[in-house]
Amino acid sequence: MPRGKTLKLATFNVNGIATRLPQLLAWLEQEKPDVVALQELKALDETFPVDALEKAGYGSIWQGQRSWNGVALLGRDTVPVESRRGLPGDPADAQSRYIEAAVHGIVVAGIYLPNGNPQPGPKFDYKLEWMARLARHARTLVGLPHPVAIIGDFNVIPTDDDVYDAKAWRKDALIQPETREAYFALLEQGWTDSLRHVHGEQRIYTFWDYFRQHAERDRGLRIDHLLLNPVLAKRLKGAGVDRWVRLQDKASDHAPTWVEIAATG
């Protein structure tokens, strides 16, 4: 069970769980999140480090995929109760990008939204189609009387304030008008963008590429999001980014991003 008066939910694109396992375990030990969504496992199901995570105090469910994609949900001192794997709406879609479970009394959807580059092209078309499917499914979740969170790597830069240099990214799929329109249509269902809600107009990033010391210079993007339905948003107490993880040797290009919510009971 979660300890204390708050619950911490976090999302972390590990960019290869085999390579980043030491950093992941160090972060879990220091920050002790209660619920974690992982993306970009880049590992087959049978190579997922379930034993190492269990030793660290985390139960897990996961859906791997060779060389790319892959998502997982972790629960501190508990095993998430899976409710869905795979985003509905396209039975032919074999990419591992969506997993959903009940963890510590919250329905948590962990997502790894398609990057969409290069655009225009079939990868961008797939991104927009995936976002439309996500919106349809999210509409069935937002009004539930239970707390629900959709968290993960959305591969969406919502506004120019969410990127260090919008002009440098103007041709990227993450910043296209269609991408942003789809993201804000999702929010209009009633979801709260928790990081922006807490930090207002302050610039805050979750991703820094590996070029020209962008992490050290804080030239980043905000593309990892934690969306809360109205029931859960009422319990929001704080949100932040563990940038120190990104500044480690051999780090992922993302940093863990989290929210704290009031625990119940």
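Rings of Phe, Tyr and Trp, the last by its six-membered ring, count as a pair if their centres lie within 6.5 Å; planes under 30 degrees apart are stacked, over 60 edge-to-face, and the rest tilted. By this rule the structure has 4 aromatic pairs.

Before I go on, a word on the source. This is a predicted model, where local features need pLDDT of at least 70 and side-chain atom pairs count only at pLDDT 80 or more, while totals for chains, interfaces and linings use all residues. Residues are numbered from 1 along each chain as its sequence is written, and side-chain values use heavy atoms, with hydrogens and water left out.

Now the rings. Phe-154 and Tyr-183 have ring centres 6.0 Å apart and planes at 90°, so they are edge-to-face. Phe-154 is in the loop between strand S8 (148-153) and helix H4 (177-187), Tyr-183 is in H4, and 29 residues separate them. Helices here are DSSP runs of H or I with at least four residues, strands are runs of E with at least two, and both are numbered from the N terminus. Tyr-183 also pairs with Phe-184: centres 5.6 Å apart, planes at 80°, so again edge-to-face.

Tyr-183 has a value of 1%. Phe-184, at 33%, is partly exposed.

Tyr-183 also takes part in helix packing. The residues of H4 that meet H3 include Tyr-183 and Leu-186, and those on the H3 side include Phe-124 and Met-131; contact means heavy atoms within 4.5 Å. The axes of H3 (residues 122-142) and H4 come within 10 Å and cross at roughly 5°. Those axes are lines fitted to C-alpha atoms, for helices over the stretch in contact, with angles from 0 to 180 degrees between N-to-C directions. H3 and H4 are therefore roughly parallel, the term for angles under 35 degrees; over 145 is roughly antiparallel, 65 to 115 roughly perpendicular, and the rest oblique.

Last, His-254. Where is it? His-254 lies in the loop between helix H7 (243-246) and strand S12 (257-262). At 3% relative accessibility, His-254 is buried. Leaving aside neighbours within four places in sequence, the contacts of His-254 include Phe-12, Asp-153 and Arg-246.

Technical notes:
Buried < 20%, exposed > 50% of the residue type's maximum accessible area, 1.4 Å probe, protein only.
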